[in-house]
Amino acid sequence: MKHPYLTDDHAIFRQSLRKFLEKEAVPFYEQWEEDRIIPRSFWKKLGEQGFLAPDLPEEYGGSGVDWGFSVVVNEELERVGSSLIGVGLHNDIVVPYISAYGTRAQKSRWLPKCTTGECITAIAMTEPGAGSDLASIKTTAVLDGDHYIVNGQKTFITNGIHADLVIVACKTDPNAVPKHKGVSLLAIERDTPGFSRGRKLNKVGLHSQDTAELIFEDCRVPKENLIGVEGKGFTYLMEKLQQERLVVAICAQAASEDMLQETIEYVKSREAFGKSISKFQNTQFKIAEMATEIKMGRAFLDQLIAKHIAGEQVVTEVSMAKWKLTEMARNISTACMQLHGGYGYMEEYKIARRYRDIPVASIYAGTNEIMKTIIAKNLGL
């Protein structure tokens, strides 16, 4: 399918990235899953090849290209495996906070290393007692001279173990009314006194993706690490959620396309009762249903991406895509596992990993229930 936002340059870039991943990721991915971590050396290799934050201006180490190149990166990483989502989070979710709201000094200090893989980023919003309701976070940042004193705990943080720089949502004014006006964003570096990692969390899926708890105990953060304006953190988070949720939708779509292709190849190769499984009407109907749903999902997603690249606000449609495409991917993982039969439940088959990895996409970046709430609200209900 020819995507409306992609050119021949994007196609050449995709070929280069796919070749790189076939050499540097695919042969090692199963070992990364067993090790429960993706090595930092892989990040360095991504950086060397220009696959980290390619849309950043050249002065900060990027290639200055359009966001279509980031779409290609997300799709190709997802086709290898969902545990590579930390790269998309770094490229398209965390780095944009610095590039959009950071000072020139902050950009010059951090962004070049973000493009080389020397600096891996994370964003810390979720807390043990606050997920979707971000205005109710408890982590505090109290100004003391030239430093903020940060206290609190974050959980479910993608890239939490590797992260060298974490954008932390915290309360600089716990008494603000309404509550969201007291939220600010601080950039906290790896070796900051009072900042430590908790557990590397043991998840159902995404095994090689390093998800962790982060702990802040009288953590002294220089006030020049404030991102943007104090008290505007919640606004910044809301402004960037469109792209975050679009990235999740892109990955769900790519996963669905990959699962379908894997399953078509499998049912053609397996026989039962003297003929290929692909010749049974039930198999054909299931494949036809999934192929139709995936094709419709791609058409909707592509026009959303084109609008997003053009700078249009499509929050309602992105919310629709996020919930619908992640739900579609979950259903397709189940149907494809069934078509694989007993082998689909074996770890050596990719569909088994997909079955474990896919469901969390309906939870992170705002649960699908939150997506439906946003859609309803924007429809005037």
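Student: Where is Phe156 found?

Tutor: Phe156 sits in strand 3, which covers residues 147–158. Keep in mind that this is a predicted model.

Student: Why is Phe156 called exposed?

Tutor: Look at the value first: Phe156 has a relative accessible area of 57%. The cut-off for exposed is over 50%, so at 57% Phe156 counts as exposed.

Student: What makes the bond from Val177 to Pro178 stand out?

Tutor: That peptide bond is cis, with omega near -5 degrees, while most peptide bonds are trans. Pro178 itself is in the loop between strand 4 (165–171) and strand 5 (183–189).

Student: Let's go to the helices. How do you know that helix 1 and helix 3 are roughly antiparallel?

Tutor: Start with the angle: the axes of helix 1 (residues 8–24) and helix 3 (residues 40–48) cross at roughly 155 degrees. Angles over 145 count as roughly antiparallel, so helix 1 and helix 3 get that label. Their axes come within 12 Å, and the crossing is right-handed.

Student: Which residues make the contact?

Tutor: Helix 1 brings Phe20, Leu21 and Glu24, and helix 3 brings Phe42, Lys45 and Leu46. Sorted by class, that contact has four nonpolar, no polar and two charged residues.

Student: What makes helix 7 roughly parallel to helix 9?

Tutor: Again, the angle. Helix 7 and helix 9 pack at about 25 degrees, with their axes 8 Å apart. Roughly parallel takes an angle under 35 degrees, so helix 7 and helix 9 qualify. They cross in a left-handed way, and the residues in contact divide into 17 nonpolar, seven polar and three charged.

Student: How does helix 9 pack with helix 11?

Tutor: Helix 9 meets helix 11 (residues 368–378) at an angle of about 145 degrees, and their axes are 9 Å apart. This crossing is left-handed too. By class, the contact has six nonpolar, five polar and three charged residues.

Student: Back to helix 7. Why does Gln242 count as buried?

Tutor: Gln242, in helix 7 (residues 233–269), has 7% relative accessibility. The limit for buried is under 20%, so Gln242 is buried.

Student: What does the side chain of Gln242 reach?

Tutor: The backbone nitrogen of Val315, at 3.2 Å. A polar atom of the Gln242 side chain also lies 3.0 Å from the backbone nitrogen of Val314. Beyond its close sequence neighbours, Gln242 touches residues including His308, Glu312 and Val318.

Student: What makes helix 10 mostly covered?

Tutor: A count: seven of its eight residues, in the stretch 350–357, are buried. They are Lys350, Ile351, Ala352, Arg353, Arg354, Arg356 and Asp357. What covers them includes helix 2 (29–35), helix 4, helix 7 and helix 9 (315–340).

Methods: Residues are numbered from 1 along each chain as its sequence is written. This is a predicted model: local features need pLDDT of at least 70, side-chain atom pairs count only at pLDDT 80 or more; totals for chains, interfaces and linings use all residues. Side-chain values use heavy atoms; hydrogens and water are left out. Helices (H or I, at least four residues) and strands (E, at least two) are DSSP runs, numbered from the N terminus. Buried means under 20% relative accessible area, exposed over 50%, partly exposed in between (1.4 Å probe, protein chains only). A polar contact is a pair of N or O atoms within 3.5 Å; within protein, one must be able to donate a hydrogen and the other to accept it, and residues adjacent in sequence count only if both atoms are side-chain atoms. Contact means heavy atoms within 4.5 Å. Axes are lines fitted to C-alpha atoms, for helices over the stretch in contact, and angles run from 0 to 180 degrees between N-to-C directions. Angles under 35 degrees count as roughly parallel, over 145 as roughly antiparallel, 65 to 115 as roughly perpendicular and the rest as oblique. A crossing is left-handed if the near helix is turned anticlockwise from the far one by less than a right angle, and right-handed if clockwise. Ala, Val, Leu, Ile, Met, Phe, Trp, Tyr, Cys and Pro count as nonpolar, Asp, Glu, Lys and Arg as charged, and the others, Gly among them, as polar. Lists of a residue's contacts leave out its neighbours within four places in sequence.
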